[in-house]
Each structure stands twice: as C-alpha cells, then as structure tokens.
Amino acid sequence: MSTGQLIGNGIAAFLTLCIFSFLYKDNPFYKFAERLVAGVATGYFTMLLFWTNFIPKVWEPLYERHEIIYIIPTILGIIMWTRFSKKWAWVSRYSIAFYIGIGSGVAVTLALYTYLFKQLQATIAFPISMDVAGINQLLVVVAVLASLIYFFFSTPHKGAFGVASKLGIYVIMIGFGAGFGLTVMGRIALLVNRVIFLKGYLIALFGG
Amino acid sequence: MNIFEKIMKVDRRWVYLAIGLAVSIPAVYELVATYILKKENTTINIPITPSPEVKKVYDFVESMKPGEHLFICVDYDPSSMAELNPMTTAIVNQAFAKDIKIIFVTLSQFGPGLVEQITSSLAAAHNKVRGEDYAFLGYRPYPAITILAMGVDFRVPFPEDYYGTPLDSLPIMDGIKNFNNLKGVIELTSGNTADFWITYGNGRYGFPLALGITGVMSANYYQYLSSDQLLGIIPGVKGAAEYEELVGFPGDGKAQMAYQVIAHAVILVFIIISNIAFFGTRKRKGGMEGGAQ
Amino acid sequence: MDRVKFLIPTFILFIIAISCVPAAAADIVADSAIAILPPNVSDVIVSDKPNDPGGTLVVEWILPDSAALAAMPIKGVNIYLSGNHDGPFELITSLPKSALHYECSDLQDGESYYFKVTATANGLESDGITSAAGIPSGQWFNTERLPILIVVILFSITAITFIIKARGGYDFYVRPIAGIKAVDEAIGRATEMGRPILYVPGLGSAADVATIAAFTILARVAKKVVEYNTRVIVPNYDPVVMAICQEVVKEAYASAGKPELYDPKDVYFITQDQFPYTAAVNGVMLREKPATNFYMGMFYAESLVLAETGFVSGSIQIAGTDQLVQIPFFVSVCDFVLMGEELYAASAYLSREPQQLGTLKAQDLGKVTVVILIIIGVILSTIGMSGFANWFNVG
Amino acid sequence: MKREIPILIVGITGFAMLIQYFIPTDWSETIFTKSQDWIIIIGILSMPLGIWSLVKANVNKLKDPNEWFYSAVLLLGFLIMIVTCLNGENLSGNSIFNNIFNYVLVPIQSTIFSLLAFFIASAAYRAFRARSILATILLITAFLVMFRFMPLGPVSTINAKIVSWILQVPNMAANRAIMMGIGLGATATAMKIILGVERTYMGHD
C-alpha cells in the first residue's frame, strides 16, 4: 500500500468505525459521518448526473444537435422551479402530471406482464402427475390458489373461504420465513467484507 | 423479574456484540495464526456437505472429456464479487485441471475486468494458453439479442475476441460454431441475465445450463430445477464453498464459510434461547396468576 | 397455396436426394475426386416477420434427413438474396446446420424479395431452392400482446361499472385490514405523546405506482395530523417525490383551513443515495423520537435498517411495500404491514370514497378470473394441451 | 387551469403510453424511448429543488450552537464534491473527486449496508418467538433455512432436502400469489390515475 492509499484507507477505516459506533448508541461520531456522507453523496450525484445525464440528454441535443423537440422536456423540467415561488408553484403540476402520466401508462401493461402473466404462465405450464415433480406441482397450485384467496378484499373470510384464506396466509408466512433465512447469508457476507477490510488495514499498518 | 423475563428483554446490544464477535473470530484467528503462531495455512476447516443442486453442476463438468468445450458467462459486477468470484474460480480450476477448454463471455458492463483477473491468474497456475486452452470473447450489451446471436454463430456478436483476434484464427474456436458444439453453459450472475439464459438460451437452443447466483436470488430460481430447465444451481457463498469442497481447491468460498457458519450458529442459538425464555415466562405467568410481578 | 406449389418439386427432389445417398457415399469412398453435390434443403418458406415495425423477412427451410446422409453430413446452409426470382443472387449469410430460420432485416417494405437456400457439405454446395416472393411489411398491432389488451379492456370495463354502481349508492363489503385500521390510532397516539409522525415515502420515483399509492396514504395521514394538531416529518430521496409530498401535505393544511400552520421545512430532501439517505433517516428517528413511523412505497435493503432503528427509538411502525424481498423484514419488525396488493388497496380503504371501493371490487373479480384460469390451465397442461399456457407468454 | 389541465395531461400521456405498448412500429418505439428520456430530464432538472432544500435547511442550522458543526460538515462535503468535478474528466481516474468517492462515500455506504448483519440477528431474536401459529411458521421456516449452514453430516443432508422443497414449493407459491396480487393492484391504481379517479397527489386550489 502506498502512503496515499494508507491515508485514504485510514480515513475509510475511521469512518467505518464511526458508523459502527451507532450500534452502541447515537453519538457525535455517527452524526459526523452521517452528515458528511449526506453532503458528499449529494455532491457526487449532482456532478454525476450533470456529466452523464444533463450534458448528453439536455445540453448536446439542444445546443449542439439543435433537436428542437428536446425543448419540451427541458421546459417541463424548468417549470418545476416555479415551486420556489408561492404564487406560481401550481404551474409545476403540469410537469408532475406529465411525469405521473407516463409512469402510470407504462405501469399498466408492465405490471400485467411481469407480475400477472408471467407468474400465471409459470404456474400452469407444468402438468400434475403421480411422480414427485407432479405432486409438487399440485401442491404449488393449491398453495397459489389459497394465497390468492387471502388477498380477497370484498368477501368475508368465513367458511370454506376462510379455511382457504387461512391456508393462504400460512403459505405466505412460509415464504417470508424462507426469504428471511436466505437473506442472512448475504448480510453476513457484507459484514465479513468490512471486517476483512479492517483486518487488511491493520496488517498494512503494522504487519506489512 | 426472573431469568426468563430478563432474557426476553435482553438489551439488543448483547446480540450485536455476539454477532460482532462471531464475525471477528475467524479474522482474529487468522491474524494470530499468521503473525504470532506463524502458521502456513490459516483457513478454519469446516466440514461441508454438498447439496444435490451443487453436486449436479460438479458432476456435469466432471463428466466432460479433455478437449471438450465449456462455456462460462461471467455476468456479475464487482459489487457481488465476494459471493460469485469463489465459484467462478472453483469451476475454472476444475475445468483446467481436466484439460477442458473454456470459452468466456460477459454480458455485464463491468465483467471484462473480472474475467481478465480470473483467467490471467488461473491460466498461469495451470499452464494454459490463451487462444488454445481458453478464450475470452468480450462484452456485449443487450443480453437477449447477444444470446440469440450466439446460438446462430459466436462470430455474429463476436467477430473478434476481447483482444482483437478474429475468432477464426483462434485454435480453440476451430470447429466451434455455436452452442451445439459445446458441452454446456455455466452462467454466473448477480442480476436478471439468468432469466435471459433460461428463456433464450436453454429455451431456444436446448443446451445444458447451470446457474451460479447470489444467495438472495436463489429462492427465485429453484423452480427451474424441478422443470429441468437448469441442471444445477450454485447459490451464494455456501454453494461456492460446497463446490470448492468437491473440486478440492479450498478458496475464498471456504474461507468465508467459517464466518458464515459461526454467525448462523449464533443467530440460531439466540432464536432457541429466545424461545426457551418465551415458554418459560408463559408457564410461570400461568402458574402465578394474580401473584406478585 | 405457395406451400403446396413448392412441396411437390421439393418432395421429388427429396426422393432423388435420398435415392442418391448410398451411391454418393460409395462414390466418395471410392474416389473423392468425383464431386456429388449435397442434397438440397426443402420447404423454403419466406414470410413477413410478425409484430415488427417492418423491413424484416423470415426464411425457414428443412434440412435433408440426416439419418440418410451419414456419408455426406450437412455442414450448414448458405442463404442468397435477390430482387428477382431468377437472380442474380447475392450471398448474405452462411449458417450452421443447427439454424432453422433466418431473419433478414433492413429490407424495403412493399418490395418483393426472393431467397435461395443451399446446403453445404464437404466443401460442396447444392444448387439450392428458391423461395416464392416475400414482401416485408410493418404491423400496426402486436398480436402477441392481444391477451394483455383483452385483460386491460375487461378490467377497465369492470372497474368503470363498479365505480358507476358505487356512485349510484351501491354499498360494498370490505374486509378489515389491521394495518389500515391502525393508521388513525397511530396518529392519535402521537398526539397524546406530543411527538411527531415520520412518513418515509421510500426510494421509488414519482413514476412508480407504489410511490403514487404512498402519496395517497400520506394525504390521509396529513389530514389526520392537521386534525390532531401534531406534526408530520417527510424526508425525501427524490426531488420530484419531495415536490409532490409538499403539495400533498400543504393541501391537507389548506383544506382544514389552517394553511399558516404548514411548515415547508418538515417535507425536505436528504440525498439521492440509498445508504446515506438511510443514515440520515436513522438520525431523524433517534433525535426527533417520532411516535409513529410510516414506511410506504418502494424499499430495498434499507427496510430493516430503518425498521430496527425505529423499534429502538420506541415508535409504532406501519409499513407497506410491493417489494417482495423486503416484506419479511417489515413483517418481523413492524407492528403492522401492508403486504403487496394491500398497499394499493389502502388508498381505497382510507379514502372511503365509493368509487375507490369500486375498483377494489374489480381487483377481486380479477383474482376470481386468475383462480379460474389457473384451474383450467393446469387441467389442460395435465392432459397435454400446453398451448393454453403459452397464450400468456406475450413476449 | 390549475387542476383540470394537469389531470387531462395525466390522462392523455397515460393513455398514449398504454396504447403504445400494443403498436410495434418504429415511431411507437421512439415515443417509448423518448418518453423515458424526458422523464429523466425532468428528474435532472428538478435536482435544484432538492439541493436548495438541503442547503437552505443546513445554512439555517449554522446559527444553532448545537448543530452548526454538523451542518458545516455537510455543506463542506457537498461543496468540495461540486468544486472538484467542474471538469467532467475528474469523474474517474486518480482525481480528488474520485478519491473522496472511494475513501469516504464507498466505505460509509458499505458499512451502513453491513449494519444489516447486526439488525437481522436482533430482529430474528425478537420476532422469531412462537407467540402464535403464524409466528411459529415464520420461526420454523427461517430456522430450517438458516440451519442448512450447520455442518452436521446426515442431519444436514436431510435438512438440505427439506429446505430445497420449501424453496421450490410453498415459498415459490407464496411469491407467485403475492406477485399476482401486486400485478392487479398496480394495474388498478395506474388505471385509477389515468382515469382521474385518483388525484390526491395533485392537491387542490
């Protein structure tokens, strides 16, 4: 490690410990790191967006390529600044409306495709049979139906419907338990990486 | 307050401390072993039982004959290196040791650096020559289109390899037109490229496909095992450690496994203690109804 | 018709090809200098590529039967293109034998194109079969996506019907959802304790539907906040989301006739970076000690960091997200959770407007349809009719 | 003017994007990519609103004797990043900007992320108690899934099989059902917005 890297990693190690100190309780070191990173991150993203998005998406089309059509989104974006004024703030609704309109228009078909159709197709694509795979498929179908019934809003969950919805929430809970258990590995790995970083820094500082 | 109630209400910081210690033990052990005891091998050896889905991938590579071709797609970026690099290394080690020829491709923007890093170190260790024993074709965006094009001919998306050599001048590509000339594909990914390989790769061209994925992703891909669209899955660090165990090259996967096992054990012990305490308090409350609290 | 026209000659050729094979094999063994051409491909069909903007034709062919060709293994095919049936043909690509079709793009819509497909083997090439004319064209409607259009239309009709019915006074039953009932109580509790309410709208942008659902819930929360004379803090990740949250909260104060009490400093921007944002919200929780924390919208890995810190600071927590991976963490730590669809239903529940409840009814009818489709689909798959399942593979 | 026109804009753009999905022509594709570009442009041009909000709040706090130091740190961090990247080439390479990114931003980000290892343990400790049937199911499943890490020979082999089944059958079924619900809910909400039934995000006037 060069001296520069050693100093850099020293700062990194100090900030790592500042954040970890939060586990004990809120303290000035954590607060320092928290505010520092909020400032640095905002500065970082502002400049990143400026160079990688504003320049190629706004400046170049308008100023260099004279693509007049880009005036529309630019005006819509600048309209957002009316929010600085109390009197004219309502004008910004035009841009917000455009933003939300595009978002929800795309969402209708996207949600139907990725969430509904793909899942539906995957559920019904395999046959039920008397071997292990076939019986598992039968169980999957029953479990999917029960879980769907749990999400019914306009029918009282009573009688047979209530039994199905109860089975449904049990299945959902198994799913959540599995999801929780599976994630532990990845989260531990993150902490291990920090520990290995600190260890490497100690070795570089004293042992290396 | 009896002991059970105390355990139930234990300050969360004791839990934090336990996890912190659990994760530090292997690191401290390594430091002590290396610098104080001056030991050579500092990896904590944890017995590992390979799961069936990992064993299947291993058996598949093991069944290949020297000189046959394996295709490895490195589709992750540096942020998931910790989980996926160990399995890539283990597979490449196994294949090189068996004189299997490997073709690498990446569909991730940051993939080329990773592939170069892996191939350069492992090829040297196994005395393998680029262009003869392995090839790196490079990176292309648009995974679906690239996979479909490779199904026709690797030369369509990759007329030249990553280093600018035309594919026809690479000895390893002699007689290798598309997926039909390969034994199979192993896709290592931290993102949705796995879906493309399943739909457009295995779905369209029917080659044997195995996945190496991060632990968080694994829940979503087990379904393809039962439908035979995948021959096997290597999930996260644990899968990598199992693979290393099978191959017999202990690496970063096994090294990380020590941390994982201890941390998981600590959490499991906490859950058990918490439940014993829970039942303890319930019983006592039942027995001491109306009594002093 | 075209198909039939070509089937006859190709069939004849095919017969000839097959009958040639033993002889050809023998000849090659005896004297490789005598060149016997490889057998031709058959069934060369050109069609317009469906559901595309135009300019692309698809060529398909059938290779000669490989079993009969042991001595002359087909290596692949060459594809030639011409504007006339009789040529001149230009080689456009060579494909391996595994290829079954070829998409030729960058053609002119409305022009006629002819393709010649030849088989190659042992460095030799058959004389080839020329296709009928193919005329590329663009389509105006993607027929593969028809199922989605049908669903959109049916869904809209049902929703509008129920909305009209509801406006006419028709009353729907809606089952109680604990997380939604808790919203009002949680705000009351904040008032009693004299502490503020924290509302985190997540990391989504204003174009994400989950975030838009979060705005609606915020509107309700803000209204109650004004009623109870307490305070709501909304830290933001996205500037557009911030602008909308400000609008929503300001509106709540205005409609209660107390516009002067709205403090724009309470709805503010932190930073557009996941973990620095999380750290800052953690700080707010520990220092402002909100009585109730709401997490509504899109959450990723920060879900558990926020929820645990909120627990430590002793807040009641209500979460709602459509991010599947994060729901287990909210379920483990928060007091109430709106899981997936419940987040979307919450706006209807909270508004209590009949037309909003009408769409809930439409959602339920959608679920009934899904249940029926699953049952039918699995039965059909089990008896071997997998075509039904593919209908939902809309690409 | 203040409310009707925006709702009309939402309706028109939303409906246009909905229709666009079914039309495979070149201009339809162009509309899609351009609209996504335009949303990004509105987002970038809105950044000043966010920056103003952040800077104003922290400049105000400079007068607060308890807060001024932290706010100064935040403002300084922000300003340094802006100043060191006035030249776009400093985004990468060995620039001050990139070094602050590597030695300040990245370690803090990944450390906050790694706090999850502690939180997941304390959440498990508190939440996984057999209080009710639902909590017990959650507890048992999570326990078995985590237990697959324990190197206990034959017990592990059996557990691996159980976990594999849990992942392939109930877990997958639950995920699918929740996703289908989300699909319907998101569609209904988006339709309500396009039709103008849902308009709370707009405020009144």
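Predicted model: local features only at pLDDT ≥ 70, side-chain atom pairs only at ≥ 80, totals over all residues.
The secondary structure of chain C consists of eleven helices and 14 strands. The chain has 395 residues, of which 57% count as buried. When contacts in chain C between residues at least 6 apart in sequence are considered, 67% join residues at least 24 apart.

The patch is formed by Lys250(C) and Lys265(C) together with Lys86(A) and Lys56(D). The chain D member, Lys56(D), lies in helix H2 of that chain, which covers residues 26-61. Lys56(D) has a relative accessibility of 39% and therefore counts as partly exposed, since that class lies between the 20% limit for buried and the 50% limit for exposed residues.

Ile7(A) belongs to helix H1, residues 3-20. With a relative accessible area of 54%, Ile7(A) is exposed, because the exposed class begins over 50%.

Ser147(A) is located in helix H5 of chain A, which comprises residues 132-150. The relative accessible area of Ser147(A) is 0%, so this residue is buried. Leaving aside residues up to four places away in sequence, the contacts of Ser147(A) are with Gly168(A), Val171(A) and Ile172(A) in chain A and with Ala174(D) and Ala177(D) in chain D. Ser165(A) is 18 residues from Ser147(A) in sequence, with a C-alpha to C-alpha distance of 6.5 Å.

In chain B, His126(B) is placed in a loop, between helix H5 (111-125) and strand E3 (134-139). His126(B) has a relative accessible area of 19% and is therefore buried, as the limit for this class is under 20%. With residues up to four places away in sequence not counted, His126(B) touches Asn93(B), Phe96(B), Ala97(B) and Phe249(B).

Notes. Residues numbered from 1 in each chain as written. Chains lettered and ligands numbered in written order. Heavy atoms only, no water. Patch = residues over 30% accessible without salt bridge, like charges linked within 9 Å, V, L, I, M, F, W, Y side chains within 5 Å. Areas by Shrake-Rupley, 256 points an atom, 1.4 Å probe, with all protein chains shown as cover. Salt bridge = Lys/Arg side-chain N within 4 Å of Asp/Glu carboxyl O. Lys, Arg positive; Asp, Glu negative; His and termini not counted. Charge placed at Lys NZ, Arg CZ, Asp CG, Glu CD. Helix = DSSP H or I, 4+ residues; strand = E, 2+ residues; numbered from the N terminus. Buried < 20%, exposed > 50% of the residue type's maximum accessible area, 1.4 Å probe, protein only. Contact = heavy atoms within 4.5 Å.
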